[in-house]
Structure formats: C-alpha cells, structure tokens
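Open the model in your viewer and keep the selection tool ready. This tour moves from one selection to the next and says what is there.

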Amino acid sequence: MAQWDRLRQLPAVYGQQLHELYDRDALPMDVRHYLSVWIEKQEWHRAARDHDLAMVLFQVLLENLDIQHSRFVQEESFLLQHNIRRYKHNFQKYQDDPCILASTILWFLEKEKEILQSADLAEQVKFLCVEQEAMETNSQQDLERKMAGLRNEVQCMEHTMVCLEEQQDEFDFKYQTFKMEAVVDEAVKNEQMKVFQLLINRLNECKKSTVSDLSKILDKSEDLTNILVKKELMEWQRRQQKACIGAPDNVCLDQLENWFTCVAVCLFQVREFLSKLEELVGKVSYANDPVKAQKPALQKRTDSLLKDLLKSSFVVETQPSMPQGKGPLVLRTNVQFSVKTRLLVKFPELNHSMKVNVSMDREAPQIKGYRRFNVLGTSTKALNMAESQSGGMVADFRHLTLKEQKSGGGGKGVSDISLSVTEELHIIYFNTVFEQKGLSVALQASSLPVVIISNSSQQQSAWASVLWFNMVSQDTKDVMLFANCPAATWPQFGEMLSWQFLSATKRGLNDDQLVMIADKLFGKTQNYDNCKVAWSKFSKENTPDTFWIWFDGILVMVKTYLEDLWRDGHIMGFVSKGKEKSLLKKKQRGTFLLRFSESVIGGITFSWVETTITGEPDVKTVQPFTKVDLSQIPFHEIIRNFQILEAENIPENPLLYLYPNIPKDEAFGKYYSEKSGDDSPYIKYIKTKLMFVSKENTLEARSPMSSDMTQGEGLEPVNSLCGEAAEQNGTPQPLNLPLEISHTDPMLSDSVAVPEEDLMMYLNNPNLLIDSDILQGPGLPDFSLQGFNCMPPQSCGSIFQ
C-alpha cells in the first residue's frame with residue numbers, strides 16, 4: 001500500500017500528527033495528496049545532492065500542477081483551481097536552487113515514515129506490555145474514581161449553598177419582621193427570642209457543616225493535585241524524555257488535560273462558594289460565626305492549590321527540533337526550529353487571550369566560554385485552540401532561530417570548568433500569565449536542555465549528548481550535567497541503544513546482540529546489570545572513532561540501505577568473530593550470517609562455512625561493505641550474485657543457507673530484482689576479469705568499540721578472503737594504511753593499479769574495455785573470480801578488484 005494511503009487510514013491520534021505536520025507552508029497537503037503517487041516514486045535522496053536531477057523533478061512537479069489545475073477547471077472546482085495556481089506560484093522560488101525543494105519534500109516523506117513507525121510501535125507495545133498496561137489502567141481507573149468523587153462533592157456543595165442561603169434568608173426575614181413589630185409583651189417576646197435562638201443555632205450548625213465540607217473538598221483536591229503534579233505529570237515528563245531518544249512511550253497529553261481541567265474547575269467553584277459565604281456573612285453575622293473565622297484560611301488554601309496546579313499545567317508539549325535534524329533538542333544557529341507549548345487547564349473563554357513569550361537561559365551558568373543566545377523570529381504567540389487537532393490550548397512556535405550573542409570572555413569569578421560546544425546545555429523558557437475570575441498567576445514552562453551547534457559536522461556528537469542526558473538525568477534543568485557527568489548502568493545503556501534501532505527501523509536489539517556489545521565494553525561476565533558505562537567511554541575515548549561514532553555509523557547504514565533486511569531479522573549484526581566462528585562451524589557447508597564490522601565504521605560483512613580437504617569446517621569472511629558499495633548495489637543483490645572460483649572448480653555462490661538453516665533464496669527472494677545472472681542490472685556494467693584470491697589468515701584491525709583487548713577478542717585471527725591485514729607469500733604483512741584510504745586489496749598478491757583516467761572511461765563505457773589490458777594485468781592466471789564491484793579499487797567493501 002502506498003505511504004500516503006497508509007497514513008490516511010491511521011487512527012485519529014496519528015491523523016492529528018499528520019495534520020500538524022502539514023500545517024507548515026513548505027509542502028501543502030493538497031499537493032501531497034493529489035500528486036502522492038508521483039511524489040513517492042521519485043529519487044528525492046539523490047535529487048537533494050544532484051542539481052540536474054533536482055531541476056528535472058522541479059519542472060515535472062510544475063507540469064503536474066498544471067495538469068491538476070486543468071482537471072479542476074473541467075470539474076469547475078473554483079477554490080481548488082485557485083489553490084493549485086497559488087501553490088505553483090510559491091514553488092517558483094526554488095527555480096534557482098531546486099535541491100532545497102528536493103530536500104524539503106524528502107524531509108516531509110521521512111516525517112511521514114516516523115508517524116507510521118510510531119503507529120506500528122504502538123501496536124507492538126500493546127502486545128509486549130499487556131501486564132504493565134493493566135497496572136496503568138487500574139491506576140487510571142482509581143484516579144478517575146477520585147475525580148468523579150470530587151465532582152460529585154462539588155455538586156452536592158452547590159445544593160448545600162442554596163439551602164444555606166435559604167435558611168439564612170428565612171432567619172433574616174423573620175428577625176427583621178420581629179424588630180419592626182416591636183412586641184411589648186415580654187412573655188411573647190421571650191418565646192419569639194427562643195425561636196430565633198433555635199433558628200440561629202441551626203444556621204450556625206449549617207455553616208459549620210458547610211465550612212467542614214469545603215475543607216474536605218480541598219483535602220481531596222490537594223490529594224488529586226499531588227497525584228497529578230508529583231506523579232502523573234512527572235511520569236509523563238520522564239516518558240517524554242525517553243521518547244525524545246527513541247523510546248516507544250505514549251506522550252499524549254489529552255488525558256492529563258482532562259484531569260488538570262477537572263481539578264481546576266472544582267477549585268474555581270470552591271472560590272465561588274467562598275465568595276458566596278462572604279456575601280452571606282455581610283448580610284447576617286453574629287459572634288463566633290464559623291464562616292467569619294475560617295473563611296480566610298480556606299481562601300488562602302484554595303488559591304495556593306490553584307496556583308500550584310496552574311504553574312504545573314503549563315508544559316512544553318513538543319520539544320524544540322529542527323526540520324532536518326538528527327533528533328529533537330539539537331539546534332543549529334541561524335536554522336529555524338519549532339516548539340509547542342500547552343496549557344493543560346483548558347478554559348475556552350481564555351482562547352487567544354494568553355500571550356506566550358520565548359526567552360533563553362535566564363540564569364546561565366558562569367562558565368568560561370559558555371555561550372549566550374538570542375531567540376529570533378516570532379517569539380510571542382497566543383495560546384489558542386485552533387492549532388491543536390484535539391482542541392487543546394497550545395502555542396505552536398514554528399519559525400524560531402537562535403543567534404549567538406557577541407560577548408567577551410569570562411571575567412572574575414568565572415568557573416575554570418571547560419565544556420565542549422556539544423556538552424553545553426541550554427534551556428528555552430516560555431512565560432505567560434493566567435488571569436481568570438480575579439486570580440492572576442504567572443506561568444513558566446521550560447524545554448528539556450538543548451545542545452546548540454553552529455555546524456552540521458557537530459550534529460552527531462550533539463545527539464550523543466542529548467542521548468546521554470535524557471538517559472541518565474531526571475533533573476530537566478541540570479545544565480551542568482557534563483561538568484561532572486554520571487555513568488550509565490548497563491540496563492539503561494543497552495535499552496537506549498535498542499531504542500535507536502527501534503525508532504529508526506521498527507526493530508530493536510535482542511538480548512544476544514546486546515550481550516555482544518556488553519562483552520566488548522566490559523569483557524565476559526555472568527551478569528552485566530551492575531556494570532556502568534562512563535560518558536568518556538561512550539563519546540570521548542578513541543577519538544575520532546568513538547563507540548558512539550561506530551554505533552551510529554551502523555545505525556545510519558542500516559536505516560539507509562538495510563532497513564528491510566534488518567526488520568525481517570536476516571541480519572545477526574552484533575556478533576563477535578569468535579561467536580561467529582563457533583556458530584558457523586556447527587552448521588552445514590554454505591551456511592552464512594551477516595554481521596557488522598567491528599573495525600570499519602558503517603561496515604557490514606558476511607561469513608560462511610566451507611569444508612577443507614580433511615573435512616574440517618573452515619569459516620571465510622569478506623572485507624566489509626560500506627555505504628560506498630551499498631549506495632550502488634543493494635546488499636541482497638550482492639548476496640544473490642556473489643560467486644567465487646578456487647583452482648579449476650566451476651564458479652559457484654558459496655552462500656547457500658542463512659543462519660541457522662534458511663535457504664538463501666527463501667530468505668532474500670522477495671527483495672530480488674526480476675533479472676538475475678548476466679541479465680542483472682548490477683552485473684552487466686562489470687565485465688572485469690578478477691584475480692584468484694587464496695585462502696589466507698587475516699587479522700581484523702583493532703575495533704573502535706573494544707575495551708581492553710585482554711582476551712584478544714578484537715584481534716582474533718579468522719580464515720577469510722579479505723580483511724584489514726593479511727599474510728602474503730607466507731609472511732604476515734600488516735596493513736598500515738587507514739581503512740578509509742586503502743588503495744589496494746591487501747588480500748591480492750598481484751594487485752593491478754588501474755589508472756584513474758582509464759578507470760573512469762571504463763565505468764562510463766564498460767564494454768569498451770572488456771578485453772583491455774587494463775582489466776587483464778600482467779601475469780594473471782586463466783581462472784577468474786566472478787562477481788561485481790561498481791566502485792574504484794580504493795573503496796573498501798568487497799573482495800573484488
């Protein structure tokens with residue numbers, strides 16, 4: 001089913017997210033809807049980098065809008081004609097730089113995928129967390145019962161107030177009449193005074209009961225306020241923190257809004273009851289009147305509860321994020337970002353009357369070099385119900401930017417603590433004033449700490465800081481966390497790593513994959529629950545190839561090129577070489593598995609088991625494939641067409657069964673292109689004669705995510721076809737060049753250097769050089785290793801030259 005059709009069938013809560021996405025002006029929903037089929041078929045990834053392709057797509061887009069306009073003319077849809085004409089006019093601004101338009105459309109498509117993933121994850125969570133949901137449901141039901149009890153008591157109090165007023169009016173009328181009649185007979189006068197005393201006593205008891213009932217209502221309101229502010233809201237804030245870094249947690253505010261509004265309405269009614277009591281006291285009062293004595297304390301308590309509730313009810317619903325950022329909470333100077341605030345106390349009469357102002361770092365820490373920023377753009381908006389599909393009171397800021405203040409260095413008293421740019425944490429504040437029925441309360445909400453960068457090259461490191469803060473800290477205003485950064489427990493850390501895959505690909509990490517990572521971080525042990533990961537180990541050690549750089553490189557590769565294979569469980573991924581060998585040696589010949597490279601950033605390789613002349617299992621491995629390879633040949637086609645020739649044997653594909661025993665074509669068949677063999681579009685351009693590769697022991701280079709290597713796990717020899725270092729002619733020859741700039745395959749004893757000009761000529765016209773000396777080289781044997789590789793020899797990603 002097309003992506004747009006899937007989006008239109010989602011439940012209302014996700015439909016709301018879609019509507020909010022297309023509230024932006026960059027891509028109108030009408031255009032997305034009417035051109036949905038065409039839009040989803042285009043290569044926007046490539047167009048965002050290729051000006052010529054972007055210009056072609058830009059022109060075709062305008063033509064499609066013309067066609068759509070003509071259709072509306074025939075249908076006499078006047079309004080749609082007008083809209084399409086206006087959209088076409090707006091798109092003209094991309095004439096000079098169509099790549100921006102391509103990037104914009106690509107961003108919208110990616111955001112749509114995130115909405116679909118959220119919907120799918122929500123379904124998964126329903127099945128994975130049944131018991132937890134039952135507990136949450138019981139807690140919510142208990143809270144709902146308390147809310148219903150509070151509402152019922154307030155309604156009873158309304159009746160009590162009516163009865164009290166009638167009773168006081170009765171006494172007042174009779175007493176005023178008695179005074180006007182001026183009774184002379186003392187006996188009669190005394191009898192009447194006894195009646196008035198009974199009436200006043202009854203009125204006094206009624207007042208005492210009313211005051212007592214009001215106090216009980218306040219007790220219940222305080223109990224509910226504590227639950228909402230100290231439990232429900234804090235749990236939501238923690239869920240929001242986790243959701244910002246990929247957790248599939250529910251952060252919908254509609255239920256909280258209902259509860260906050262319920263308690264606020266009840267407290268405002270209590271204020272009205274107290275005002276009524278004051279009015280009654282003004283008409284009739286007497287010595288020791290309970291209302292006169294207790295009303296001030298009740299008023300003070302009511303206002304205090306209301307203020308506490310209101311101050312907590314102003315929140316940041318959607319944390320600051322850039323349209324094309326790696327994730328929320330990473331902002332770049334001079335690049336627009338959006339953020340949404342919400343008032344959980346929903347009073348329709350306040351629609352558009354409360355103004356929200358944005359500011360930065362009210363009390364920035366006195367740290368040497370700590371930057372200050374100004375918020376530019378539309379920094380004042382009114383809370384309104386029009387910008388929320390649920391009708392909530394929101395202020396949606398969509399066009400804010402940050403600009404660094406020009407200031408001198410730190411002076412006296414400034415701390416010597418030094419933080420890197422991506423360790424600096426900043427908070428964005430939102431201020432407004434709630435005014436209703438004589439009550440005025442200043443409200444302030446604050447974002448989670450954001451990391452502010454000035455260059456896109458800092459984004460990866462900044463996202464690491466965001467991950468770490470929201471993983472280990474629940475103090476959402478601790479901007480000094482990285483000055484004395486706490487370690488993360490392995491359960492926290494492993495869960496966070498799994499969330500990255502879950503949010504990006506819909507499939508998290510399983511226990512075996514997490515154990516492999518834990519082994520590399522801590523060494524082998526029975527239980528990792530008490531192990532801790534330091535911030536430096538995550539993002540500082542082995543710079544530039546830190547653990548996070550290695551892990552994120554894999555994540556980006558999987559998301560970009562291998563998402564379907566990963567989601568379907570075909571990639572074992574995180575498995576050590578030792579574990580890989582022990583698994584494969586127990587399997588039949590031709591069994592293979594796919595794992596991520598431990599030494600090549602963003603690399604994936606496969607290993608398979610062969611049988612030696614003596615009948616012993618022999619595990620072979622190819623050099624890792626990277627984005628350079630995968631951007632040109634899909635990985636499933638590499639697996640499908642991989643062939644190897646040894647001695648005088650017929651060329652064959654050694655990959656027969658995906659571990660544990662799934663036939664290769666059964667596992668990968670649904671991904672294949674229709675053509676295969678010599679007809680494959682991925683084979684026909686490569687007719688090069690390939691060199692024989694002997695069986696040689698290889699050593700994989702030190703892994704960027706290894707800890708101490710005391711077990712030698714990062715340097716374990718494997719029998720393979722390719723690697724980062726190799727034995728040649730029986731003598732170990734370590735590879736000294738960096739992996740990224742290797743110019744020859746170290747496994748090939750007679751590598752042929754192809755001149756760059758000839759290579760480009762060949763890539764542009766492969767048939768021209770099929771029998772050329774360039775491709776033959778001196779002294780090549782008659783046998784050939786059949787396969788493919790679209791890249792120049794310097795790319796590291798296959799055994800092919």
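## Stop 1: V345

Select V345 and its surroundings. Leaving out residues up to four places away in sequence, V345 touches F260, T261, A264, L310 and S313. Contact here means heavy atoms within 4.5 Å. This is a predicted model: local features need pLDDT of at least 70, side-chain atom pairs count only at pLDDT 80 or more, and totals for chains, interfaces and linings use all residues. Residues are numbered from 1 along each chain as its sequence is written, and side-chain values use heavy atoms, with hydrogens and water left out.

Now draw a distance from V345 to F260. The two are 85 residues apart in sequence, yet 5.6 Å apart in space, C-alpha to C-alpha. V345 is buried, with a relative accessible area of 0%. (Buried means under 20% relative accessible area, exposed over 50%, partly exposed in between, with a 1.4 Å probe and protein chains only.) V345 sits in the loop between strand 3 and strand 4 (355-360). Helices (H or I, at least four residues) and strands (E, at least two) are DSSP runs, numbered from the N terminus.

## Stop 2: strand 3

Step back to residues 337-343, which make up strand 3. Seven of its seven residues are buried. Colour the two faces separately. F337, V339, T341 and L343 lie on one side, and S338, K340 and R342 on the other. Both faces are covered.

Strand 1 (residues 314-321) runs antiparallel to strand 3, joined by five bridges. Strands count as paired if DSSP finds at least two bridges between them. Look for S321, whose bridge partner in strand 3 is S338. Strand 7 (residues 393-404) is also antiparallel to strand 3, with six bridges. There, L343 has M393 as its bridge partner.

## Stop 3: strand 14

Jump to residues 604-611, strand 14. Seven of its eight residues are buried, so strand 14 is largely enclosed by the rest of the structure. Strand 13 pairs with strand 14 in the antiparallel sense over five bridges.

Show E610 and its partner in strand 15, D618. Strands 14 and 15 form a hairpin with five residues between them. Click on G615 in the turn: its phi is positive, about 90 degrees.

## Stop 4: the largest nonpolar core

Select W468, F493, F606 and F635. Of the 160 residues in the largest nonpolar core, these touch the most other members. (Such a core is a set of buried Ala, Val, Leu, Ile, Met, Phe, Trp, Tyr and Cys residues joined through side-chain atoms within 4.5 Å.) Helix 10 (residues 186-244) gives the most to this core, with 16 residues.

Which residues is F493 in contact with, leaving aside its neighbours within four places in sequence? They are W468, M471, A488, L521, V533, F538 and F547. Apart from this core lies another, of 37 residues, among them L57, L101, L109 and A119.

## Stop 5: a pocket lining

Last, select D512, M572, V575, K579 and L583. Of the 28 residues lining the second largest pocket, these lie nearest its centre. Helix 15 (511-522), helix 19 (577-584) and strand 13 (591-596) each supply at least two lining residues.

Notes: 1 Å grid on protein atoms, 1.4 Å probe; cavity = no way out; pocket = protein on both sides within 12 Å on 5 of 7 lines; lining within 4 Å.
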